[in-house]
Amino acid sequence: MNIYADNAATTRMSPAAIEAMTVCMKEQYGNPSSLYSLGQRARETLELAREDAARVIGASPKEITFTSGGSEADNQALRSAAAAGKKAGKTHIVSTAFEHHAVLHTLDALGREGFSVTLLDVHADGLVRPEELRAAIREDTCLVSVMYANNEIGTVQPIRELGAICREKGVPFHTDAVQAVGHLPIDVDADNIDLLSASAHKFHGPKGVGFLYARRGQRLTSLIEGGAQERGKRAGTENVPGIVGMAAALREAAGGMAEASARLVPLRDRLIAGLGEIPHSALNGDAEKRLPGNVNFCFEGIEGESLLLLLDDRGICASSGSACTSGALDPSHVLLAIGRKHDVAHGSLRLTLGEDATEEEIDYIVRNVKEVVEHLRGFSPVWRDLMNGKGQFIL
Ligand SMILES: *Cc1c(COP(=O)(O)O)cnc(C)c1O
């Protein structure tokens, strides 16, 4: 059996998106900035795609800027709010310890440029507390950035409440919604969101394209100097086929969202229950306030990397930590942020289901993870010590 269970890393492209892109590349190859009709047809498809992107989050098309993906959107959101803040003499930013590196590393850079950053605690359940955000906001706070749903442990934050606090305090609110767009219903007005990042390849669109939503009145500064594309907010000839593919994937995802979620939640919970039978294991993040397809476990006494390789031999694609950190020896900053000890954080496994997952696949995964964990523990010195009473089990 071959099972792709790493949909938080990237998704398989939807056939509708591939078809839309193919047509676009063959027939709408004009430059959207050109005045002849071939160019203007490309311009029209671009603007239709902008309407699709706006609709799915309850925004207006003028508030959407196309980018090269989630990382660029995060960078631009943070840099824009920081620049506006600095002009007004405000140089304090509030975010969280378990953001994606696109946010955390931008905050590091801003820190070196003189901004001060407060990172909110993420509790053991993988959630931030609104009252802690309220307490962290200062007179000189120019931005709050909290991710909608975490890419590793899948926890979904109380975005509406967090946004309401920012609105009340008059501080712009950015959310990295890369894991949420196309999977959870989002309404930027009801949720009090001022800036939002999205990426096509996380909802069955192509890689290398995404968008940044900026509420009317939120000024965006350009990260790339050049032509006046995207109303001067993002230079460079637009990735028209990519944007068209993203829009097709987004229409499909938005249409099937409720159904996909209703199908996935019981499968996710079956997987959680199955893996929970493994001794000395624990689910990471709240069991309910999590993405419909996300399961993330720690198993004591094993290395996540070995687990992944053996699961790969059995046809299962999974992940340990995020793709950006696997390969590095540091344990996941997300698992450390929710209070997992180093040793245990090393033995983590993330399984993120696609909308087409089946019960049979879940049972295959459970059976194989059980076997592989037992096998690995069989020759783990750490496990042997624990079993012999040397040292204490953490889980
Ligand atoms: C994937 C991801 C990103 C980065 O998006 P890219 O399009 O790959 O640059 C940012 N934030 C989160 C939460 C993600 O899951």
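In what order do the seven strands of the open sheet stand? In this predicted model, the order is 2-8-7-6-5-3-4.

**View 1. The open sheet of seven strands has mixed pairing.** Strands of a sheet pair through backbone hydrogen bonds, either parallel or antiparallel. The edges are formed by strand 2 (64–67) and strand 4 (116–120). Each of these two has a single partner strand, so one side of each is left without a neighbour in the sheet. From one strand to the next, the twist averages 20°.

**View 2. Strand 6 and strand 7 form a parallel pair.** Strand 6 covers residues 173–176 and strand 7 covers residues 195–199. Three bridges hold this pairing. In one of the positions to look for, His-174 has Leu-195 of strand 7 as its bridge partner.

**View 3. Strand 8 (residues 210–214) pairs with strand 2 and with strand 7.** Both pairings can be followed residue by residue. Strand 2 and strand 8 run antiparallel and are joined by four bridges. Here Thr-65 stands opposite Leu-212 of strand 8. Strand 7 and strand 8 also pair in the antiparallel sense, over five bridges. In that pairing, Leu-196 stands opposite Tyr-213 of strand 8.

**View 4. The residues of strand 8 are buried.** Five of the five residues of strand 8 are buried, so the strand is largely enclosed by the rest of the structure. In a regular strand the side chains alternate between the two faces of the sheet. Gly-210, Leu-212 and Ala-214 point one way from strand 8, while Phe-211 and Tyr-213 point the other way.

**View 5. Helix 1 and helix 7 cross at roughly 150°.** Two packed helices are described by the angle between their axes and the distance between the axes. Helix 1 covers residues 15–27 and helix 7 covers residues 240–275, and their axes come within 8 Å. With angles over 145 degrees counted as roughly antiparallel, helix 1 and helix 7 are therefore roughly antiparallel to each other. Their crossing is right-handed. Helix 1 contributes Ala-16, Ala-17, Ala-20, Met-21, Cys-24 and Met-25 to the contact. Helix 7 contributes Val-240, Pro-241, Gly-242, Val-244, Gly-245, Ala-248, Ala-249 and Glu-252. The residues of this contact comprise 11 nonpolar, two polar and one charged.

Definitions and conventions
Residues are numbered from 1 along each chain as its sequence is written. This is a predicted model: local features need pLDDT of at least 70, side-chain atom pairs count only at pLDDT 80 or more; totals for chains, interfaces and linings use all residues. Side-chain values use heavy atoms; hydrogens and water are left out. Axes are lines fitted to C-alpha atoms, for helices over the stretch in contact, and angles run from 0 to 180 degrees between N-to-C directions. Angles under 35 degrees count as roughly parallel, over 145 as roughly antiparallel, 65 to 115 as roughly perpendicular and the rest as oblique. A crossing is left-handed if the near helix is turned anticlockwise from the far one by less than a right angle, and right-handed if clockwise. Contact means heavy atoms within 4.5 Å. Ala, Val, Leu, Ile, Met, Phe, Trp, Tyr, Cys and Pro count as nonpolar, Asp, Glu, Lys and Arg as charged, and the others, Gly among them, as polar. Two strands pair if DSSP finds at least two bridges between them. Buried means under 20% relative accessible area, exposed over 50%, partly exposed in between (1.4 Å probe, protein chains only).
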